[in-house]
Amino acid sequence: MLSNRIAVYPGSFDPVTFGHLDILQRGLSVFDHIIIAVLNNSRKDPLFSVEERVDFLRQATAHLESVTVDSFDGLLVDYVQKKKANIVLRGLRAISDFEYELQISAINKHLNPEIETCFMMTSNHYSFLSSSMVKEAAMYGGSVHELVPEPVEKALNQKFK
């Protein structure tokens with residue numbers, strides 16, 4: 001058993017939203033340290049590069065000493081083990097999220113029984129929020145000011161000029 005409670009919070013974060021940051025902030029009340037791990041997924045066609053997403057997250061979490069931002073590719077369980085963590089933190093918005101996340105956590109548990117997954121429900125205020133919805137709203141000129149950090153809002157406005 002590890003003495004420090006280190007969690008890895010993985011995701012594509014394309015882009016990071018206030019919903020993601022809500023899970024992170026609340027996760028810090030449970031874990032000693034959280035590593036935000038930006039997935040470099042070759043199967044997805046992200047709007048922002050891994051480097052841009054890491055930068056957005058570093059800016060959004062600069063005031064949080066117990067947070068590290070990193071990126072990875074390959075198996076999440078390998079990354080978690082490499083970081084000497086044993087917990088994966090995941091946010092849930094709805095039943096549909098749970099079904100998908102349950103499958104992922106089951107395969108992760110099969111691949112490495114030492115790793116646990118902690119599910120945290122998104123605050124009601126952000127239960128509708130997803131990166132895809134933010135991108136779509138921004139693409140059609142909608143305001144995303146209350147949905148994402150300012151650097152992300154500016155970058156979205158630039159992308160969809």
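**A guided walk through the chain**

At 35% relative accessibility, D32 counts as partly exposed; here, buried stands for under 20% relative accessible area, exposed for over 50%, and partly exposed for what lies in between (1.4 Å probe, protein chains only). This is a predicted model, in which local features need pLDDT of at least 70 and side-chain atom pairs count only at pLDDT 80 or more, while totals for chains, interfaces and linings use all residues. Residues are numbered from 1 along each chain as its sequence is written, and side-chain values use heavy atoms, with hydrogens and water left out.

Let us stay with D32 for a moment. Its side chain meets that of R5 in a salt bridge, with 3.2 Å from N to O; the term covers a side-chain nitrogen of Lys or Arg within 4 Å of a carboxyl oxygen of Asp or Glu. D32 lies in the loop between α1 and β2 (33-39), and R5 in the segment before β1, so the pair ties together parts that are 27 residues apart in sequence. R5 counts as partly exposed because its relative accessibility is 44%.

Now step back and look at the whole chain. The protein chain has six helices and five strands; these are DSSP runs numbered from the N terminus, helices being H or I with at least four residues and strands E with at least two. If you follow the sequence, you can read off the pattern β-α-β-α-β-α-β-α-β-α-α. The C-alpha trace spans about 50 × 35 × 30 Å along its principal axes. For 161 residues, a compact globule would have a radius of gyration near 15 Å, and the protein chain agrees, with 15 Å; this radius is taken over C-alpha atoms, and the globule rule is 2.2 Å times the number of residues to the power 0.38.

What share of the 161 residues is buried? Buried residues make up 43% of them. Contacts, meaning heavy atoms within 4.5 Å, also tell us about the fold. Among those with a separation of 6 or more, 76% are accounted for by residues 24 or more positions apart.

Next, follow the chain from β1 (6-11) towards α1. The loop between these two elements holds P15, which a cis peptide bond joins to D14, with omega about 0°. F13 lies in the loop between β1 and α1 as well. Its phi is near 50°, a positive value in a residue other than glycine. Is F13 buried or exposed? F13 counts as buried, because its relative accessibility is 3%.

D22 counts as buried, at 13% relative accessibility. Leaving aside its neighbours within four places in sequence, D22 is in contact with T122, S123 and Y126.

For another positive phi, look at K84, where the value is near 60° in a residue other than glycine. K84 lies in the loop between α3 (76-82) and β4 (87-92). With a relative accessible area of 62%, K84 is exposed.

R90 forms one with E101, and the closest N and O atoms are 2.5 Å apart. This pair links distant parts of the chain, with R90 in strand β4 and E101 in helix α4, eleven residues apart. R90 counts as buried at 19% relative accessibility, and E101 does so at 6%. Not counting residues up to four places away in sequence, E101 touches R90, L92 and F119. The other salt bridge joins D97 to R93, with 3.0 Å between the closest N and O atoms. D97 is buried, with a relative accessible area of 14%, whereas R93 counts as partly exposed at 32%.

Helix α4 spans residues 95-111 and also contains I107. At 43% relative accessibility, I107 counts as partly exposed.

Our last stop is L129, in the loop between β5 (116-121) and α5 (131-139). A relative accessible area of 6% makes L129 buried. Which residues does L129 touch, if those up to four places away in sequence are not counted? They are T17, F18, G19, R93, V134 and L147. S29 lies 100 residues from L129 along the chain, and their C-alpha atoms are separated by 22 Å.
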